[in-house]
Amino acid sequence: MLIRSALFFIVVPVVVALIAVAWWSRRLLHRAPAAPVPALAAGAAVLAFRNDSRIHHRGKPDLYANWCFVIARAVVQFQRFARFEPDAPRLAAADYTALVRRVTRRPAWWPPLPPDRRIVVPGFASLHELTREVEEAVKAGLRGRLWTLVHWSNWRMVFPHPHGQQERVAAEAVSELQAGRPVQLFITDFPRIKLNHSVLAYDYAERAPDMVDFAVFDPNDPHRPGVVRFDCRAQRFRPAPLCGVAVPQFRAFRQYCSPLY
């Protein structure tokens, strides 16, 4: 009798919670209004250089690969913690490297700094201009590539995830974009190993009653937006299109939104 009572008080709340979360996320995806404005000025607020895919740039002598997690995160960090002053005198390359390190040292989930407390980047009007003009100095300031590959949150991909979990990711992304905050996504086709990538969602649109398209900054192709589509019926994410991604579907997880993820 005691076991039955314990099971009742454990199983019933869990089932109710799962049903409530699924209902809430479905309502959010299907009834949420469009975001007021994109959460990112994709042309000016992103890096100008790309992350080289080892698959699509095999044999490239100066391969700049496995930086997609760092690049997507850096866009958020510059949006939250930096301020550009184009009329100020430009600095030496080493000084820009130091500035990049100061900006990217701050956790991406920290709240934005007020304008008067932001790290000033003189001589440039935007992140895109900075990374185009002093590319090597910026690359020298970016750190943590190895840590992103072995980060504890990446191990979420090996656990089984019900379809409802993917709908919750999509619903949370919609909510964040409505609030004007870009959403970094870790996308993977595990247990297959054809895709292990990170993109930054900055806008969304309902293309049909059962589909939501997320416009993303893709570090593999910084000059044009990619599209990650969430199929509400299948409860799966799909490329629609996404640079170099040939898999028909993948799982997505939010990244760098808290100390745990």
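P241 is found in the loop between β7 and β8. The peptide bond that joins A240 and P241 is cis, with omega at about -5 degrees. The model described here is predicted.

**The six-stranded sheet**

β7 and β8 both belong to an open sheet of six strands, in the order β7-β6-β5-β4-β3-β8, and the pairing is antiparallel. Its edge strands are β7 (236–239) and β8, each of which pairs on one side only. On average, neighbouring strands of this sheet are turned by 40 degrees against each other, direction ignored.

| Strand pair | Direction | Bridges |
|---|---|---|
| β3 (residues 183–188) and β4 (residues 196–208) | antiparallel | six bridges |
| β4 and β5 (residues 211–218) | antiparallel | seven bridges |
| β3 and β8 | antiparallel | four bridges |

Which residues does I187 meet in the strands on its two sides? In β4, I187 has H197 as its bridge partner, and in β8 the bridge partner of I187 is A252. F186 stands opposite S198 in β4.

A208 has M211 as its bridge partner in β5.

In a regular strand, side chains alternate between the two faces of the sheet. Strand β8 (residues 251–254) shows R251 and F253 pointing one way, while A252 and R254 point the other way. All of these β8 residues are buried.

Helix α2 (residues 68–81) is made of 14 residues. From its first C-alpha to its last, α2 reaches 20 Å, close to the 20 Å expected at 1.5 Å a residue. Is α2 mainly enclosed or open to the outside? Of its 14 residues, 13 are buried, so α2 is largely enclosed by the rest of the structure.

Helix α7 (residues 163–178) has 16 residues, which at 1.5 Å a residue should span 22 Å. The end C-alpha atoms of α7 are 23 Å apart, which agrees with that span. After α7 comes G180, whose phi is positive, near 85 degrees.

**The largest pocket**

The largest pocket holds about 740 Å³ of space. Of the 33 residues that line this pocket, I55, K194, L195, N196 and H197 are the closest to its centre. The elements that give two or more residues to the lining are α2, β3, β4 and β6 (221–231). Which element gives the most to the lining? That is β6, with three residues. By class, the lining has 15 nonpolar, twelve polar and six charged residues.

H197 links the pocket to the sheet: this residue is among the closest to the pocket centre, and H197 is also the partner of I187 in the pairing with β4.

Two residues other than glycine have a positive phi. For Q235, phi is near 55 degrees, a positive value in a residue other than glycine. Q235 is placed in the loop between β6 and β7. Why does Q235 count as buried? Its relative accessibility is 12%, and buried means under 20%. Y256 likewise has a positive phi, of about 55 degrees, although it is not a glycine. This residue lies in the segment after β8. Y256 is buried, with a relative accessible area of 6%. The C-alpha atoms of Y256 and W110 are separated by 9.7 Å, and these residues are 146 residues apart along the chain.

I119 belongs to strand β2 (residues 119–122). Is I119 buried or exposed? I119 counts as buried, because its relative accessibility is 6%. Between the C-alpha atoms of I119 and V103 the separation is 6.9 Å, with the two residues 16 residues apart along the chain.

Note on methods:
Residues are numbered from 1 along each chain as its sequence is written. This is a predicted model: local features need pLDDT of at least 70, side-chain atom pairs count only at pLDDT 80 or more; totals for chains, interfaces and linings use all residues. Side-chain values use heavy atoms; hydrogens and water are left out. Two strands pair if DSSP finds at least two bridges between them. The expected span of a helix is 1.5 Å times one less than its number of residues. Buried means under 20% relative accessible area, exposed over 50%, partly exposed in between (1.4 Å probe, protein chains only). On a 1 Å grid over the protein atoms alone, a cavity is a set of points where a 1.4 Å probe fits but cannot get out, and a pocket is an open set with protein on both sides within 12 Å along at least five of seven lines; lining residues have an atom within 4 Å of a point. Grid points are joined across faces, edges and corners, and a volume is the space filled by probe spheres set on the points. Ala, Val, Leu, Ile, Met, Phe, Trp, Tyr, Cys and Pro count as nonpolar, Asp, Glu, Lys and Arg as charged, and the others, Gly among them, as polar. Axes are lines fitted to C-alpha atoms, for helices over the stretch in contact, and angles run from 0 to 180 degrees between N-to-C directions.
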